[in-house]
Amino acid sequence: MKYIIAIIQPHKLDAVMCALENAEIPLVTVSNVLGRGRQKGVTEVYRGTKEAGSLLKKVKLEIAVNEDFVAPAIEAITKSAHTGEVGDGKIFILDLYEVMRIRTGERGGVAIG
Amino acid sequence: MNTGDTAWVLMSAVLVFAMTIPGLAFFYGGLVRRKNVLSILMQCFIIMCVISLQWALFGYSLSFGPDTGQGIIGSLKWAGLNYVGGQPNADYAATIPHSVFMIFQCMFAVITPALMIGAFAERMKFSAFLVFTILWATFVYDPLAHWVWGTGGWMRNLGGLDFAGGIVVHASSGVSALVLCVLLGKRLGYQKTPFRPHNLPFTVLGGALLWFGWFGFNAGSALAANELAANAFVTTHVATAAAGLTWALIEWQQHGKPTILGTVTGAVAGLVAITPACGFVNPMNAIFIGIIVAFICYLAVAVIKAKFGYDDALDAFGVHGVGGIWGTIAVGLFAEKAVNSAGANGLFFGGAQLWPQLIMAVVTPLFAGVMTFIIYKLVDAVMCVRVKEKDETIGLDLTQQSEAAYTVIE
C-alpha cells in the first residue's frame, strides 16, 4: 500500500479529480494549503508598500492506494496537473504501514477503498 | 420650524452614524491582521457608546454652549442637555429642533476620535484607549468644535470656514494620530516582516459605507434641505470619484497595476478633502480638489511614511490629517460667494479667505498635536498605554477582549 501526496495548482483540481475518477480512484482527501518553491512566492503591493515573498495558494491531495493503483494514480495526476509552467507542483509517494476502516474495523488492503 | 429640514438632518445623523459603525469599523477592521480585527470593531463600537454619553452629559455644552467670554470654550449651561429641546436655536439652525442639531453633531463627535484608531491599531491597551479617548474628546475635540463652529468661537469670529469638519474632524484627528503613533512606537516587526490586510473585502465594504454616509456628513451640514445641501452633495460625490480614479491611475503608473485598496483609499482622501469645502465651492473645482488630494495623500502614505519610518498603521494621518489640511487650504483658494452667499471668496475669486484658512490649518494641528502629547503622557504615566510584548504577539482580540473573530475548525 502507498500513500500519495500531491501538491497541485488550485485551478487544476477539477481536471485532476476527473482524471482520478477515470482511473477508478475516486477516494481522495483535498485541502487548501499555502506554500512556495524555488520561485519564492509573489510580491503584493498595499498602498504603495511592497510586501515580498507571499506564499502561493496550492491544493493538496492525499490518496491511499493498493499497489495495483499506484502507477495509474501517478499517471492520472501527472497528466492532468501538467501545464509546463513553474509551480505545477509535486507528488510524494510514501509506504503505507496500515489502514483501518473505523466503521467495521477491517484492516489492510480491503479497508483502503 | 420646517419639517423637510428636520427630516433631512435626522436622516443625515443616521448616515453619519453609519460612517463609524459599521463603516469605519470595517474599513479599518479589514486592514489589520486577523488576530486584531475584533479589537478594531470593539474600539469603534465602544466609542459610539462612550462619546455619545460624553456628548449628552457635557461635550455638547462645551462645544456649542454659550461662550465663556474668550471664544475658547462653551459653558456648562447646556450640560445634561439643559435648554436643548424641541425649540430651534437660531444661532445654529433656525428651522430644526435644537435637539436635532445636537444629535447630528453628536455623530461628528463620535467619528472624530474613532478616526485615530487607524494610527494606534494593533498595539494600544483597551483601558488606556478608553481613558485617552474621553480626555481627547473633552480637551481637543470640544474646544476645537467651539472655536470653529460655536457661537463666539475665535476661529469662527476670524472668518475661518469649515463646512463639515475638514479641520475640526479630519485635520485634528489626523495630526493627533501622527503624534500618537510616534509616541506609541512601531508595531513589533514593522518594516521587518510583512504586514498584510487580513480581509480587503471588509475594507472595501467599509470604504463604500463611508462614501454612503458622507452624503449625510457633508450635505447634512447645510442643516436644511436646500440648494446648499444639493451643492454639498454634488461636490462631495464628484470630488470623491475624481480622487478614487486618480489614486488608481497613480498606482497603475507606479506599480503596473491599480489596486482596489488604493482606489478606496483615494476615495476616502477625496471625501476628507472636500469636507471643509463642499458648501463653498462649485463642482468643477471640487473635481480639482479631489485630483490634487490623491497626489498629496499618495505621497504621504507611500513615500513620506516609508522615509520617516513612523508606524501610522492604517494611515489615519496620511489620509485624514493631510487630506483635511489640504481641503481647509483649498477653501481659501476655491470658495465663492456665488455658491454660498454666507461664505466668502477665495484667492481665485478675488477674496482674502486664504488667510483665515491658513491660520486654521496651522493652529489646529499645533493645538491638537500638543494636547495629544500631554494627554498621552498623562495616561501613560498612570496606566501604560501600550500592551505587553507578549500580548501584542498573541493579538489584541484574545488579550484585550478574550474573543476570536474566526474559527478554523467547526
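## Contact between chains A and B

In this predicted model, chain A gives 7 residues to the contact and chain B gives 14 residues. On the side of chain A that touches chain B, the elements giving two or more residues are β3 (42–46) and β4 (49–54) of chain A. Of these, β3(A) supplies the largest share, 3 residues.

Sorted by class, the side of chain A that touches chain B consists of 2 nonpolar, 2 polar and 3 charged residues.

## The sheet of chain A

Chain A holds an open sheet of 4 strands, in the order β2-β5-β1-β6, with antiparallel pairing. The edges are taken by β2 and β6 (89–95) of chain A; each has a single partner strand, so one side of each is left without a neighbour in the sheet. Direction ignored, neighbouring strands of this sheet are turned by 20° against each other on average.

## Strand pairs around β5(A)

Strand β5 of chain A spans residues 56–65 and pairs with strand β1 of chain A, residues 2–8, in the antiparallel sense over 7 bridges. Two residue pairs can be located here. A:Ile4 has A:Ile63 in β5(A) as its bridge partner, and A:Ile5 has A:Glu62 in β5(A).

Strand β2 of chain A, residues 29–35, is also joined to β5(A), again by 7 bridges and with the strands running antiparallel. In this pair, A:Leu34 is bridged to A:Lys57 of β5(A). The sheet order β2-β5-β1-β6 accordingly places β5(A) between β2 and β1 of chain A.

## Nonpolar cores

The largest nonpolar core has 143 residues. The residues with the most contacts inside this core are B:Tyr28, B:Ile111, B:Ala119, B:Ala273, B:Ala277 and B:Ile289. Another core lies apart from it and has 15 residues, including A:Ala73, A:Ala76, A:Ile77 and A:Ala81.

B:Ala273 shows what such a residue touches. Leaving aside residues up to four places away in sequence, B:Ala273 is in contact with B:Ala239, B:Ala243, B:Ile289, B:Gly290, B:Val293, B:Gly323, B:Trp326, B:Gly327 and B:Ala330. One of these partners, B:Ile289, is itself listed among the residues with the most contacts inside the largest core.

Methods: Residues numbered from 1 in each chain as written. Chains lettered and ligands numbered in written order. Predicted model: local features only at pLDDT ≥ 70, side-chain atom pairs only at ≥ 80, totals over all residues. Core = buried A, V, L, I, M, F, W, Y, C linked by C-beta atoms within 7 Å. Buried ≥ 20, exposed ≤ 12 C-beta atoms within 10 Å, placed from the backbone. Contact = placed C-beta atoms within 7 Å. Pairing = 2+ DSSP bridges. Nonpolar A, V, L, I, M, F, W, Y, C, P; charged D, E, K, R; others polar. Axes fitted to C-alpha atoms, helices over the stretch in contact; angles between N-to-C directions.
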